[in-house]
Amino acid sequence: MKELILYAVLFLLLFGHAIMASMMYITVHKDEELSFNEKNQWKLKALVFPAYFWGKYKKYKG
């Protein structure tokens, strides 16, 4: 039973990570003010730590 709970928690964390990364990826891709290299840098950062870099991106744009 403990394994099932552990796998469920890991799945939810992975799913949340993927959703957050895709949201940031789409937002950065639509941003016309960024250069091609800047877009790629933000997209790569979104794949590693999407929640952390989402905040950094919002501060950068704000």
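First, the ground rules. The model is predicted, so local features need pLDDT of at least 70, side-chain atom pairs count only at pLDDT 80 or more, and totals for chains, interfaces and linings use all residues. Residues are numbered from 1 along each chain as its sequence is written, and side-chain values use heavy atoms, with hydrogens and water left out.

Now the overall picture. The chain has 3 helices and 0 strands. Helices here are DSSP runs of H or I, at least four residues, strands are E runs of at least two, and both are numbered from the N terminus. Along the sequence the pattern reads α-α-α. The radius of gyration is 14 Å, well over the 11 Å from the globule rule for 62 residues, so the chain is more spread out than a compact globule. That radius is taken over C-alpha atoms, and the rule is 2.2 Å times the number of residues to the power 0.38. The C-alpha trace spans about 50 × 20 × 15 Å along its principal axes. Of the 62 residues, 21% count as buried. Buried means under 20% relative accessible area, exposed over 50%, partly exposed in between, with a 1.4 Å probe and protein chains only.

Next, H1 against H2. How do residues 2–30 and residues 36–48 pack? The angle is about 170°, and the axes are 8 Å apart. Axes are lines fitted to C-alpha atoms, for helices over the stretch in contact, and angles run from 0 to 180 degrees between N-to-C directions. H1 and H2 are therefore roughly antiparallel. The cut-offs: under 35 degrees is roughly parallel, over 145 roughly antiparallel, 65 to 115 roughly perpendicular, the rest oblique. Contact means heavy atoms within 4.5 Å. H1 brings residues including His-17, Met-24 and Tyr-25, and H2 brings Trp-42 and Leu-47 among others.

Then H1 against H3, residues 50–61. These axes come within 9 Å and cross at roughly 30°. That makes H1 roughly parallel to H3. Among the residues in this contact are His-17, Met-20 and Met-24 of H1, with Phe-53, Trp-54 and Tyr-57 of H3.

His-17 lies in helix H1. Is His-17 buried, exposed or partly exposed? His-17 is partly exposed, with a relative accessible area of 29%. Beyond its neighbours within four places in sequence, His-17 is in contact with Leu-47, Val-48 and Pro-50. His-17 is listed in the contact with H2 and in the contact with H3.
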